[in-house]
Amino acid sequence: MDLLRNLVAFLTVFVCLCSCEANLFGPESKEIGGGYRLKRANDHDRFVLIIPNESGGLIIDEIGWHEPFIAARASGSQYWDVINTAHAQHIRVSDPQRKSDPIYQSIQIKSAEIAWKDLNRNKRLW
């Protein structure tokens with residue numbers, strides 16, 4: 001009888017843990033849009049831009065978005081990775097190019113830490 005009670009208790013706890021929205025088994029991630037996510041790295045001081053259906057990605061210092069575009073600068077890079085999420089297109093542009101292009105000028109750039117705080121874990125932007 002005790003074995004049955006223990007099994008029922010274990011299954012109840014397991015179901016509760018699996019059904020809650022908390023990510024208890026790994027690093028947190030927050031969706032930006034188009035399947036792209038911002039993920040807090042294991043050391044909590046770095047952030048990773050994750051592409052759809054992947055677990056790894058680009059460690060970034062800065063990021064910004066304006067639907068359907070995401071612009072991110074990798075740690076130590078002088079170039080920006082710009083993603084058009086509507087067409088799954090990825091290009092790399094220099095900082096002067098990003099600042100002179102009217103489309104990219106509309107993207108407000110912020111530190112990855114600020115972007116993390118601005119995103120809602122339970123709601124993507126688009």
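1. Does arginine 92 count as buried, partly exposed or exposed? At 55% relative accessibility, arginine 92 counts as exposed, where buried means under 20% relative accessible area, exposed over 50% and partly exposed in between (1.4 Å probe, protein chains only).

2. This is a predicted model, in which local features need pLDDT of at least 70 and side-chain atom pairs count only at pLDDT 80 or more, while totals for chains, interfaces and linings use all residues. Residues are numbered from 1 along each chain as its sequence is written, and side-chain values use heavy atoms, with hydrogens and water left out.

3. Seven salt bridges are found in the structure, a salt bridge being a side-chain nitrogen of Lys or Arg within 4 Å of a carboxyl oxygen of Asp or Glu.

4. Aspartate 81 and arginine 92 form one of them, with their closest N and O atoms 3.3 Å apart. Because aspartate 81 lies in strand 6 (residues 79–84) and arginine 92 in strand 7 (residues 89–94), the pair ties together parts that are eleven residues apart in sequence; strands are DSSP runs (E, at least two residues) and helices likewise (H or I, at least four), numbered from the N terminus. Aspartate 81 is buried, at a relative accessible area of 5%.

5. Arginine 40 forms a salt bridge with glutamate 113, the closest N and O atoms being 4.0 Å apart. This pair links distant parts of the chain, 73 residues apart, since arginine 40 is in strand 2 (residues 36–40) and glutamate 113 in helix 4 (residues 112–118). Arginine 40 is buried at 16%, whereas glutamate 113 is partly exposed at 30%.
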